[in-house]
Amino acid sequence: MVKEKILVIGASGQIGVELTLALRKIYGNNNVIASDLREENPLLKGTGPYVSMDVMNKEMLHVQVIRQGITQIYLLAAILSATGEKNPNLAWHLNMQGLLNVLDIAREEKLSKVYWPSSIAVFGPTSPKINCPQQTIIEPTTVYGISKYAGEFWCNYYFNRYGVDVRSIRYPGLISYKSAPGGGTTDYAIEIFHEALEEKKYQCFLKEDTYLPMMYMEDAIKATLQLMEAPASNITVRTSYNVSGMSFSPREIAEEIKKHIPDFTIDYKPDYRQAIADSWPQSIDDSVARKDWGWQEDYNLEKMTKEMFDNISK
Ligand code: NAD
Ligand code: AKB
């Protein structure tokens with residue numbers, strides 16, 4: 001059996017920290033190399049190797065892959081929806097070139113697998129709002145969504161043309177307590193917990209009835225590992241899989257928070273992120289992921305809220 005050696009790019013980010021720790025548990029600390037443009041996240045310190053690296057520097061990335069004997073890459077470096085709208089050129093450049101660099105190296109070095117996340121941001125205003133299917137009209141209106149949709153087709157292309165075993169999930173908004181979110185439209189659903197504990201009030205940048213697909217980080221890590229461990233013959237989608245956890249609005253999460261902090265109050269001051277949220281579906285049909293690799297979420301709004309408060313309070 002080939003001994004896997006994994007490189008996580010963007011390991012200091014919201015998903016990267018938790019995915020790196022989960023992969024280290026499975027493959028052994030020294031077999032999972034964390035890398036990022038920014039400094040090593042404190043939660044990763046002492047848990048395994050770390051290299052400082054820019055995914056845009058293809059030569060350096062290639063050298064690292066050869067030198068470290070890398071067999072799999074998890075590419076998490078990207079600019080998310082809200083930050084992307086402030087700097088569209090940078091978002092397009094990083095999100096596209098970073099992926100192409102990784103796919104090229106995977107092809108040349110015959111890596112066993114690549115993971116690259118897409119997002120529900122691929123969907124646009126013309127996609128169905130409720131139970132948005134795996135295959136449907138997809139006309140994204142943000143630069144982030146455009147880059148993710150183009151990226152999905154690059155993954156499909158590298159699989160079909162070069163046999164690169166690249167796998168992908170369209171994550172919903174991810175909610176976690178370990179590492180701060182990186183500039184997305186769904187970030188309100190993390191900020192609200194911290195503000196509720198510290199200030200007992202929160203001003204939300206989305207309207208109260210803005211429903212969006214969301215997922216607790218534990219579920220996102222579980223889905224990622226499940227997809228990556230599934231036999232290649234089960235993987236029928238080589239663009240990116242829809243996965244669903246829960247859907248809620250700011251009003252509903254505020255109601256759930258009030259069960260823990262009765263005097264919590266929320267008010268609403270929508271900004272430019274409202275238009276982004278309005279362009280996305282409210283809920284996702286993930287029946288293909290359920291059929292192909294047995295996806296099943298563990299967390300709903302109630303269970304996640306309890307976990308968030310228990311963990312942030314610690
Ligand atoms: P994040 O912003 O928290 O982390 C991204 C990391 O990439 C950061 O640590 C950043 O320093 C690093 N990075 C940026 N530019 C880099 C470069 N040139 N070279 C190396 N590293 C670089 O983002 P995240 O939330 O952890 O998202 C990870 C992936 O998951 C992204 O592709 C994102 O689009 C996708 N995703 C995230 C969510 C979510 O809710 N968090 C939802 C859907 C999809
Ligand atoms: C964002 O809001 O940009 C991300 C995402 C859904 O991709 N959380």
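Start by selecting helix α8, residues 250-258, in this predicted model. Around α8, show α6 (188-199), β10 (201-204) and β13 (246-248).

Which residues of α8 are buried? Pick out Pro-250, Ile-253, Ala-254, Glu-256 and Ile-257. Look along the helix axis: these residues lie on the same side of α8, because they span an arc of only 160 degrees around the axis.

Now zoom out and colour by domain. Domain 1 takes residues 6-171. Domain 2 is made of two stretches, 174-214 and 244-312. Their C-alpha centres are 23 Å apart.

Next, go to where the domains meet. Here 30 residues of domain 1 contact 26 residues of domain 2. About 2300 Å² is buried between the two domains, and carbon and sulfur atoms supply 59% of that area. Select Gln-14, Ile-120 and Lys-129 in domain 1.

What polar links cross between domain 1 and domain 2? There are 13 residue pairs in polar contact, counting pairs with both residues at pLDDT 80 or more. Salt bridges across this interface number zero.

Last stop: the side of domain 1 that touches domain 2. Select α1 (14-27), α3 (81-86) and β8 (169-171), the elements that each give two or more residues to this side. Which element gives the most? Highlight α3, which gives five residues.

Notes. Residues numbered from 1 in each chain as written. Chains lettered and ligands numbered in written order. Predicted model: local features only at pLDDT ≥ 70, side-chain atom pairs only at ≥ 80, totals over all residues. Heavy atoms only, no water. Buried < 20%, exposed > 50% of the residue type's maximum accessible area, 1.4 Å probe, protein only. Helix = DSSP H or I, 4+ residues; strand = E, 2+ residues; numbered from the N terminus. Arc of directions from axis to C-beta. Contact = heavy atoms within 4.5 Å. Domains from an automatic or database assignment. Buried area = accessible area lost by both parts, 1.4 Å probe. Salt bridge = Lys/Arg side-chain N within 4 Å of Asp/Glu carboxyl O. Polar contact = N/O pair within 3.5 Å; in protein donor to acceptor, adjacent residues only side chain to side chain.
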